[in-house]
Amino acid sequence: MSREQVALPLEGPVVDTHCHMDVSFDESHVLPDVNSAMAAAKAVNVTKVIQVGCDVASSKWAAETALNHPDVWATVALHPNAAAHDPNLDLSLAAIAELAELPQVRGLGETGLDYYRTDKSMAAAQHVSFKAHIDIAKKVGKPLIIHDRDAHKDVIDTLQNYGCPEVVVFHCFSGDVQMAKICADAGWYMSIPGVVTFKNAQQLKDAVQEIPDHLLLVETDSPYLTPAPNRGLANSAANIPWTVRAICEVRGQSEQEVCKNLFSNAARVFGPF
């Protein structure tokens, strides 16, 4: 088994804007201890994390965890694949709307469209759920966190034609340069995962160069998408420095400058901290 490499602390504080501490990385079903995970994160200058809900149960877990841990905040939602297979979609959306009112819940997400795991022919419920989350986000005045997998055009069309809340974040941004320009023109934030450290991620690296300073975010999507050099192991906020330094290299900016932008942007979206 590969041994995890420990990153050096970042030169400034940053926020992991998207994680799933309630998800096990493997069949062991062992979940990270939140206190230990946050201690490891703070050791590398990751000072806050956003715990993201994907269904009613995980959204409740996120809200409860955020209530009990001051450096964890929550978002709540039905993941598009959860929505596609929910036999009681209206009831679940009502539960999400109720959770969205809580003060420790700082956004609606992750919601959107996913044509990778759910065929387009089965995607009607995803569209219903996506629009419902947009409505809830507008009602409570909180950001919308987008899951977009193999669905770029339909996601953008929905945001542009149905209308979107003031703040939109593309979690795990996976578009190309042209999509980055579309998002930038709309004022939508783009959150970069550990994929940017992969050798075969040139399209993402090219797109990262196009993101304006004020729309750039960073995330783990833990326990998934672990950056090099720990790729293949469970991800956590303690791995953020590898991603941040790859972003610095791609953008030709100093670590101090990138950290400052990442933190201020996260505070603008989810804060103030």
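This is a predicted model: local features need pLDDT of at least 70, side-chain atom pairs count only at pLDDT 80 or more; totals for chains, interfaces and linings use all residues.

Visitor: At what angle do helix H7 and helix H8 pack?

Guide: Two packed helices are described by the angle between their axes and the distance between the axes. Helix H7 covers residues 177–186 and helix H8 covers residues 202–210. Their axes lie 8 Å apart, and the packing angle is about 30 degrees.

Visitor: Are H7 and H8 roughly parallel or roughly antiparallel?

Guide: The angle for H7 and H8 is about 30 degrees. Angles under 35 degrees count as roughly parallel. H7 and H8 are therefore roughly parallel.

Visitor: How many charged residues are in the contact of H7 with H8?

Guide: H7 contributes Val177, Ala180 and Lys181, while H8 contributes Asp206, Ala207 and Glu210. By class, this contact has 3 nonpolar and no polar residues, and the number of charged residues is 3.

Visitor: Is the crossing of H4 and H5 right-handed or left-handed?

Guide: Helix H4 spans residues 89–99 and helix H5 spans residues 124–140. Their axes come within 11 Å and cross at roughly 25 degrees, so the two are roughly parallel. The crossing of H4 and H5 is right-handed.

Visitor: How many nonpolar residues does the contact of H4 with H5 have?

Guide: From H4, the residues are Leu89, Leu93, Ile96 and Ala97. In H5 they meet Ala125, Val128, Ser129, Ala132, His133 and Ile136. The contact of H4 with H5 has no charged residues and 2 polar ones, and the nonpolar count is 8.

How values were computed. Residues are numbered from 1 along each chain as its sequence is written. Side-chain values use heavy atoms; hydrogens and water are left out. Axes are lines fitted to C-alpha atoms, for helices over the stretch in contact, and angles run from 0 to 180 degrees between N-to-C directions. Helices (H or I, at least four residues) and strands (E, at least two) are DSSP runs, numbered from the N terminus. Angles under 35 degrees count as roughly parallel, over 145 as roughly antiparallel, 65 to 115 as roughly perpendicular and the rest as oblique. Contact means heavy atoms within 4.5 Å. Ala, Val, Leu, Ile, Met, Phe, Trp, Tyr, Cys and Pro count as nonpolar, Asp, Glu, Lys and Arg as charged, and the others, Gly among them, as polar. A crossing is left-handed if the near helix is turned anticlockwise from the far one by less than a right angle, and right-handed if clockwise.
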